[in-house]
Amino acid sequence: MPKDIDIKLAIGLKPEQIINYLKRKGYKISWNWEDTWKEAHTKAFTVAKAMKLDILSDIRNELQKALDNGLTYQQFKENLKPTLKAKGWWGKVKAKDVPSEFPLPPDVDPEKEIQLGSPWRLKTIYRTNIDVAYASGHYKAMMDSIKNRPYWMYNAVLDSRTRPSHRALHGKVFRADDPIWDKIYPPNDWGCRCSVIPLDDNDLEEMNLKPIKGSNELINKLKPGKGWDYNPGKTSLEFDQTFGGNLKLNDNQPTYKDFGRPSVKDVKERIPSPDKFPSIKEIGEEKFIELLKKEFNLEKSDYSVLNTADDDKNIFTLDRLKHGYEKQDGRERYFSYVKSTLQDPFEVWLSEYINEKGEIELRKSYIGLFKDKELNEDIFIVLRQEKDSFVFWNAFERDRNRIDKLRKGYLKYWK
């Protein structure tokens, strides 16, 4: 069996697939990494005890630079360390002294010593996020070519640092749809360097390999680390229902007034409105879906990615657009406003929401101000970005006061 396979060449993974992965993540404030483990490293960006958004943003931005520019851990650390020290997120402090915008969890002793930033922590943050980003990018690329390469081979790095349990799986081949990948897809532990190589029938014959069927015995033999017994690539593509439920905007955060911004009722400038879609009642659902596919470039692909005005990415699938037309209440006519709102918004806010568990979620909202050609009235479009970068149709409004109430949080972009 070949020993030196370039995994990126074997998969054909484009660097931008990995870079864009981190850009698509939402934010999550958490005290313990175990509280948000799977969601944290697939759909939301979090760092345990980074309890202020600006600190969390600083860490994420440096990680993004590291991915964009191919920076080493040493460069990442040197860029970030002075910022974290200046903001008090470094070294050991008492729990009560952790820089935070939120109260301590009730089960945390305020006098307990807490480790914040350190070279070791930064290395863990760097390695874990980049490793999971690569894993997610690899998984997506392999799923796209699963018909041509239906077998996946577990590939460990065979040196003195390789865990015996990971070494035991090296070279084993399973079908790509074998449920075992839900448990053993790497990384499987902190610092895991394993990967997966896709193969076809010719590869199996040339390498004299035979696929085997996964089993609980093999999973137990691997012994994934605590919190690592899941497939990070698959999870990054799945919608997490716990984050699509009822979200309440947190009132205790800055408003547009704190940023010196006017009420929308005092803003005269409007974007000319695009032509509306016909209603489903006019043309029927089948023709409407054809228009929708064309609008969001879904005619030849299951998903599309749109670049936004604030240098972010938004993802569209037909299934995730259903909420905008399934009620057939007239709002489906305004799908043509979505791209303009994302690419030429009046404002972009990163706002705190309280989820069903009472936890703080951070979601981005895009606000578009239009002058409707048909009605000669103001139309306000509000799109909320889910934590996995799918867009949720939040509202289209004519009520200026209601729009102002949504303008809370951290102003990220404005005209």
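**Notes on the predicted model**

1. Start with the overall make-up: the protein chain has 15 helices and 16 strands (DSSP runs numbered from the N terminus, with helices being H or I of at least four residues and strands being E of at least two). This is a predicted model, where local features need pLDDT of at least 70, side-chain atom pairs count only at pLDDT 80 or more, and totals for chains, interfaces and linings use all residues. Residues are numbered from 1 along each chain as its sequence is written, and side-chain values use heavy atoms, leaving out hydrogens and water.

2. Now for confidence. The chain's mean pLDDT (the predictor's confidence in each residue, from 0 to 100) is 79, and 82% of the residues reach 70 or more. Watch residues 35-41, where the pLDDT is below 50, although the stretch has 24 contacts in the model beyond near neighbours in sequence (a contact means heavy atoms within 4.5 Å). Residues 239-244 also have pLDDT below 50, with 17 contacts beyond near neighbours in sequence. Where pLDDT is low, the predicted coordinates should not be read in detail.

3. How much of the chain is buried? Of its 415 residues, 53% are buried (under 20% relative accessible area; exposed is over 50%, and partly exposed is in between, using a 1.4 Å probe and protein chains only). Among contacts between residues at least 6 apart in sequence, 68% join residues at least 24 apart.

4. Have a look at helix H5, residues 73-86. After H5 comes Gly88, with a positive phi near 80°.

5. Gln253 sits in the loop between strands S8 (248-249) and S9 (271-272). Its relative accessible area is 9%, so Gln253 is buried. Leaving aside residues up to four places away in sequence, Gln253 touches Ser351, Glu352, Lys408 and Gly409. A polar atom of the Gln253 side chain lies 3.0 Å from the backbone nitrogen of Glu352.

6. Another loop residue is Tyr334, found between strand S11 (313-316) and helix H14 (338-343). Tyr334 counts as buried because its relative accessibility is 6%.

Definitions and conventions:
A polar contact is a pair of N or O atoms within 3.5 Å; within protein, one must be able to donate a hydrogen and the other to accept it, and residues adjacent in sequence count only if both atoms are side-chain atoms.
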